[in-house]
Amino acid sequence: MNGVEMDLVSEEMLSSLTSMEKIRYILDNVRQGKILVLERGLTPEEQSKLIEMTMSEINLDDFIGIEIESYPAKEESSLLRRLLKKPSLQTRLTMIGPARHLKTLKKDREVISALVSMR
Amino acid sequence: MPFLIGLRRGLSSWIFRLLGRKRTARIGIYGPPNAGKTTLANRILRDWSGEAMGSVSPIPHETRRARRREGVMINANGRSVVLDVVDTPGLATKIDFHEFMAHGLSEEEAKRRAKEATEGVIEAVKWLDDLDGVILVMDATEDPFTQVNVVVVGNMEARELPLIIVANKIDLEEANPQRIESAFPQHPIVPISALEGTNIEQLYEEITRRFGR
């Protein structure tokens with residue numbers, strides 16, 4: 001059966017990896033043609049590192065990059081954090097796939113619509 | 001007249017620096033390809049130093065190397081700030097040389113541009129570590145919720161650095177700067193046309209307010 005493999009990756013699995021391990025895991029899988037849905041996304045620093053590493057691996061014929069979409073991070077403001085004036089950003093669900101097969105159709109604060117193609 | 005304005009501003013910048021009151025903030029101009037980053041950089045530099053930053057083109061990724069101009073002094077509303085302005089290549093998560101061919105480039109030219117564009121994106125990402133603030137240029141005719149915009153906003157918030165969002169291209173009928181305002185309500189948003197100079201004084205006021213130290 002032809003199709004595109006989609007992996008739903010748990011927060012527990014991701015949190016056990018270092019930043020570089022997460023990025024390597026994502027790129028290795030996406031380069032194999034898989035679409036990953038991460039239960040909890042990447043930090044802004046990890047996202048910019050992922051963009052940087054994606055660019056270094058682009059091969060004009062085989063791999064043209066990634067499609068990545070996530071919801072904006074939410075501010076986590078517990079009473080303790082408010083007292084310390086240190087709100088932290090809570091990353092959220094993120095979808096990443098090969099740009100050849102995954103295209104975002106529409107995105108807003110509540111819904112991400114994407115098209116998966118088999119070409 | 002523009003020449004006289006440029007001369008006056010250039011002279012005041014020189015006097016400011018001569019008096020040793022230089023307080024420089026290194027500011028990066030970021031955004032997706034074709035949002036108008038270099039058009040804005042050219043507008044700022046022409047207004048305050050009489051120079052230009054670089055060429056613009058309808059073909060994406062025209063800027064493939066970061067360009068920097070030092071000591072650009074901006075005065076607005078009684079405040080002054082001296083900026084090092086860094087015009088960065090457009091950020092992207094994918095680069096397909098076929099898109100450049102659709103703009104009329106030969107396959108060889110398109111592949112070369114794509115290769116240089118990947119290097120430009122890497123350079124733009126690396127510049128994030130060396131900045132005091134960012135002007136994020138968004139195309140007001142496009143959906144603002146792109147991942148590139150989310151990444152830049154997220155990085156500035158995580159680093160607690162000042163950010164101004166520019167809703168560019170309001171000269172176009174389909175522009176909708178309110179969509180950007182509702183997408184990123186936590187940051188100052190200035191609707192402008194970098195091409196025509198609309199609202200540019202409002203942007204200079206926001207620059208001196210946010211980046212002045």
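Mentor: With burial: a residue is buried under 20% relative accessible area, exposed over 50% and partly exposed in between (1.4 Å probe, protein chains only). This is a predicted model, in which local features need pLDDT of at least 70 and side-chain atom pairs count only at pLDDT 80 or more, while totals for chains, interfaces and linings use all residues. Residues are numbered from 1 along each chain as its sequence is written, chains are lettered from A and ligands numbered from 1 in the order in which they are written, and side-chain values use heavy atoms, with hydrogens and water left out.

Trainee: Why is Phe184(B) called buried?

Mentor: Its relative accessibility is 3%, and the limit is under 20%, so Phe184(B) counts as buried. Phe145(B), at 7%, therefore counts as buried too.

Trainee: What makes the pair of Phe145(B) and Phe184(B) tilted?

Mentor: A pair of aromatic rings is described by the distance of the centres and the angle of the planes. Rings of Phe, Tyr and Trp (its six-membered ring) pair if their centres lie within 6.5 Å; planes under 30 degrees apart are stacked, over 60 edge-to-face, and the rest tilted. The centres of Phe145(B) and Phe184(B) are 6.0 Å apart and the planes stand at 40°, so this pair is tilted. Phe145(B) sits in the loop between β4 (133-139) and α5 (147-159) of chain B, and Phe184(B) in the loop between α6 (177-183) and β6 (189-191), 39 residues apart.

Trainee: How many aromatic pairs does the structure hold over all chains?

Mentor: Two. Trp48(B) and Tyr204(B) also form a pair, with 5.2 Å centre to centre and 80° between the planes, which is edge-to-face. Trp48(B) belongs to helix α2 (residues 37-48) and Tyr204(B) to helix α7 (residues 200-211) of chain B, 156 residues apart. Both Trp48(B) and Tyr204(B) are buried.

Trainee: How do you know how many helices and strands chain B has?

Mentor: Helices (H or I, at least four residues) and strands (E, at least two) are DSSP runs, numbered from the N terminus. On that basis chain B has seven helices and six strands. Of its 213 residues, 53% are buried.

Trainee: Why is Thr91(A) called buried?

Mentor: Thr91(A) has 13% relative accessibility, so it counts as buried. Thr91(A) lies in the loop between β5 (88-90) and β6 (94-98) of chain A. Contact means heavy atoms within 4.5 Å; leaving aside neighbours within four places in sequence, Thr91(A) is in contact with Arg40(A), Gly41(A), Leu42(A), Thr43(A) and Ala73(A). A polar atom of the Thr91(A) side chain is 3.4 Å from the backbone oxygen of Gly41(A).

Trainee: What makes Glu52(A) and Lys126(B) a salt bridge?

Mentor: The rule asks for a side-chain nitrogen of Lys or Arg within 4 Å of a carboxyl oxygen of Asp or Glu. For Glu52(A) and Lys126(B) the N to O distance is 2.6 Å, and they meet in a salt bridge. Three salt bridges are found across the interface of chain A and chain B.

Trainee: How many residues are in contact between chain A and chain B?

Mentor: In chain A 26 residues are in contact with 29 of chain B.

How values were computed: Polar contact = N/O pair within 3.5 Å; in protein donor to acceptor, adjacent residues only side chain to side chain.
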